[in-house]
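Subject: Structure for you to look at

Hello,

Here is the structure I said I would hand over. Please open it alongside this note; my findings follow below.

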Amino acid sequence: MGQVIDKTFNGLKVPEGEIIKFQNGRPVTPSKPIIPFIEGDGIGRDIWKASQKVFDAAVKKCYGDKRAISWFEVYAGEKAFNETKDWLPKDTLDALKEFGVGIKGPLTTPVGGGIRSLNVTLRQVFDLYACVRPVRYFQGVPSPVVAPEKLDVVIFRENTEDVYAGIEYPAGSPEAKKLIETIEAVSPDKKIRPDSGIGIKPISKTGSQRLVRRAVQYAIEHNKPSVTLMHKGNIMKFTEGAFRDWGYQIAEEEFAQKTISEEKLWADHDGKTPAGKVLIKDRIADSMFQQILTRPDEYSVIATTNLNGDYLSDACAAQVGGLGIAPGANIGDDCAIFEATHGTAPKYADKDVINPGSVILSGAMMFEYLGWQEVADAIYSAFAKTIQQKKVTYDLERLMSGATKVKTSEFADHIIANMG
Ligand code: NAP
């Protein structure tokens, strides 16, 4: 099992293992894939140690010696800066490119000095256009709503366009003035106050359709009942509205046998989804925020634009008990990076107290993506069992009655013990 790859990145030798290849935007996973990991800053160190232990135990339990992950550390953030004087070394980017699938803890975003967010840089460099956030409830986790178990969604958020494209000019700048002049020349009836800052919201057919395609594929492969296109097309017709139209179009053109639109559902099927079909529907963003609270079980996979997705992911995570256990992934056609959704919480660094759930569940997502579903399932069920046993880290313990507070490392040990 494995082969010798005679290369170093950041001065570290690549461990024995195999490279994951990609076909049609999907990984082809060998039995001993080399997976680069970024430990993360602050609490990242504690969390990574605990998570890796859980991952290795789950793989061992499912496959014995037939399969294993060959973990390869790559540097980013403070650790990279201390080792190489670079926050995101070229070697790290090269390693992620070479090995294709990576997992990371949280990274400090250096404030000032013109340094871009490392997370945003990774997304842009590898064109990780789909931010995927599954949100489901684990029995026993304290939640602010009455029936948190009714929410079980996977949010596909477009990751490269929208107001996040970074095209923004301050009020009074020559660029803002020029854009105001151009807009008023093109549309004389539109008046923009001269002291306005200007931001641009590009939404393309290409960007929208590749995101919706991924969401629909996911729904089909995981037998999910529906994909909801969430947008604000009633106001922003040519950006948000176009996202919806392009979404319906790709479902119709590429997945006609496997999907049905809500319009056809009512016209031809009396509102009942035919067996084996995924329902494609759309909802206006403000209504969506009400519906995930009032009728959460009517939603499953949600595909949406960047800003909507940002808000919705955190709102949904809060509904099932918070960000400490919310996993995430940024996925492109030949690279995917799985990551904690919380930050580095520096005050808890190296204290062995923090909740490693976000990275552990991101790892479960990674195994699912690699096609090692048994490993993902083993992690999910042992994680759920540990929480039901009320053996939890401080953040959950302070909100649960009768819970036992455990350390980060102990939480990992309990999960492993619960794998049976
Ligand atoms: P944060 O690190 O997420 O921490 C804020 C608070 O959230 C913590 O004090 C803690 O609350 C709670 N929390 C976060 N992670 C937790 C976990 N695993 N288990 C339990 N509780 C957890 O947010 P921040 O303080 O705003 O950001 C700190 C740094 O992280 C910044 O440099 C920021 O740029 C960076 N950041 C990185 C990422 C990323 O890499 N993906 C994301 C966000 C922020 P209590 O104190 O109440 O227990």
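A polar contact here is a pair of N or O atoms within 3.5 Å. The model is predicted, so please read what follows as computed from predicted coordinates.

Ligand site

A polar side-chain atom of Tyr348 is 2.7 Å from an oxygen atom of the ligand. The backbone of Asn355 places a polar atom 2.8 Å from a ligand nitrogen, and a nitrogen atom of the ligand is 3.2 Å from an N or O atom in the side chain of His342. The ligand on its own exposes 880 Å², of which the protein buries 65%.

In total, 18 residues surround the ligand. Tyr348 and Asn355 are among the closest, together with Gly343, Ala345 and Tyr394. Sorted by class, this shell holds 7 nonpolar, 7 polar and 4 charged residues.

Helices H1 and H11

Two packed helices are described by the angle between their axes and the distance between the axes. For H1 (residues 44-63) and H11 (residues 357-370), the angle is about 35° and the axes are 9 Å apart. The crossing of H1 past H11 is right-handed. On the H1 side, the contact is made by Ile47, Trp48, Ser51, Val54, Phe55 and Val59; on the H11 side, by Val359, Ile360, Gly363, Ala364 and Phe367. The class count for this contact is 9 nonpolar and 2 polar, with no charged residues.

Lys201

Lys201 sits in the loop between strand S11 (198-199) and helix H6 (205-221). Which side chains form polar contacts with the side chain of Lys201? One is that of Asp162, at 2.7 Å; another is that of Glu240, also at 2.7 Å. Glu161 is 40 residues from Lys201 in sequence, yet their C-alpha atoms are 7.4 Å apart.

Regards

Terms used:
Residues are numbered from 1 along each chain as its sequence is written. This is a predicted model: local features need pLDDT of at least 70, side-chain atom pairs count only at pLDDT 80 or more; totals for chains, interfaces and linings use all residues. Side-chain values use heavy atoms; hydrogens and water are left out. A residue is near a molecule or strand if one of its heavy atoms lies within 4 Å of it. A polar contact is a pair of N or O atoms within 3.5 Å; within protein, one must be able to donate a hydrogen and the other to accept it, and residues adjacent in sequence count only if both atoms are side-chain atoms. Accessible areas come from the Shrake-Rupley method with a 1.4 Å probe; for residues, only the protein chains shown count as cover. Ala, Val, Leu, Ile, Met, Phe, Trp, Tyr, Cys and Pro count as nonpolar, Asp, Glu, Lys and Arg as charged, and the others, Gly among them, as polar. Axes are lines fitted to C-alpha atoms, for helices over the stretch in contact, and angles run from 0 to 180 degrees between N-to-C directions. Helices (H or I, at least four residues) and strands (E, at least two) are DSSP runs, numbered from the N terminus. A crossing is left-handed if the near helix is turned anticlockwise from the far one by less than a right angle, and right-handed if clockwise. Contact means heavy atoms within 4.5 Å.
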